[in-house]
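The sequence and the structure are shown first.

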Amino acid sequence: MSDTQVAALDHTIQQTNIWLKRLVDDHHFADRQQAYNALRAVLQALRGRLTEEQAVHLSAQLPILVRGIYFEGWHLAAEKNNTRTVEEFAEEVNKRLPPQFPRDPKTTTEAVFDLLWKELDPGQTAKLIDGLPLPLHLLWPMAARR
C-alpha cells in the first residue's frame, strides 16, 4: 500500500492495484506488470474505437490512475479508428502490447473487458458496448451482451 498522505492518490493506487491483482488472479497473467501492459493496451485500443463523447464517459468511471493510463498519448484528431472485426481490434491491441507479449491479443482483450464489466457501472458499460460494432460484442463476457 502506498502512503502519499493524499487520500485521493492513496485510494487510486489501491484501486489500480486491486484491478491488476484481479487480472492476475482471475485471468492468470504472470504478474502485475503483465496485467498493467494488458490493461493499458486494451484501454487505449478501445479509446481509439470510441467517439470522443463515449471515450470521456468511459474515463469518468475509471480510477484516477487508470484514467491517466487510458488518456496517455491521446490525440483527438489522429486517434479514431474504424475497426469493425475482432481480428482488426486484436491487431490494434497487439500494436500497443510490448514485443513478445506472452498472450494473444484476443484473449488479452477478453480478460480486460471481463474486468471492466465487473468493475464499472453495468448500465454505462452496456451503452458503451451497444455503440461498438456487433462483432466486437463477442469480446465482452456473455453477461455483458444483450
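## Fold

Read from one end of the sequence to the other, this predicted model follows the pattern α-α-α-α-α-α-α-α-α, with 9 helices and 0 strands in the protein.

## Overall dimensions

The C-alpha trace spans about 45 × 35 × 30 Å along the principal axes of the protein. A compact globule of 146 residues would have a radius of gyration near 15 Å, and because the protein has 15 Å, the value agrees with that expectation. Among the contacts with a separation of 6 or more, 66% are made between residues 24 or more positions apart.

## Surface and charge

The accessible surface of the protein comes to about 7700 Å², and carbon and sulfur atoms account for 55% of that area, while buried residues make up 46% of the 146 residues. The protein carries 17 positive and 19 negative side chains, and the centres of these two sets lie 3 Å apart.

## The nonpolar core

The largest nonpolar core holds 38 residues, of which Leu 39, Leu 46, Leu 116 and Trp 140 touch the most other members. At least two residues of this core come from each of α1 (7–27), α2 (32–49), α3 (52–59), α4 (64–71), α6 (86–96), α7 (105–119) and α8 (122–130), and the largest share, 8 residues, is supplied by α2.

Methods:
Residues are numbered from 1 along each chain as its sequence is written. This is a predicted model: local features need pLDDT of at least 70, side-chain atom pairs count only at pLDDT 80 or more; totals for chains, interfaces and linings use all residues. Side-chain values use heavy atoms; hydrogens and water are left out. Helices (H or I, at least four residues) and strands (E, at least two) are DSSP runs, numbered from the N terminus. The radius of gyration is taken over C-alpha atoms; the globule rule is 2.2 Å times the number of residues to the power 0.38. Buried means under 20% relative accessible area, exposed over 50%, partly exposed in between (1.4 Å probe, protein chains only). Contact means heavy atoms within 4.5 Å. Accessible areas come from the Shrake-Rupley method with a 1.4 Å probe; for residues, only the protein chains shown count as cover. Lys and Arg count as positive and Asp and Glu as negative; His and the chain ends are not counted. The place of a charge is taken as NZ of Lys, CZ of Arg, CG of Asp or CD of Glu. A nonpolar core is a set of buried Ala, Val, Leu, Ile, Met, Phe, Trp, Tyr and Cys residues joined through side-chain atoms within 4.5 Å.
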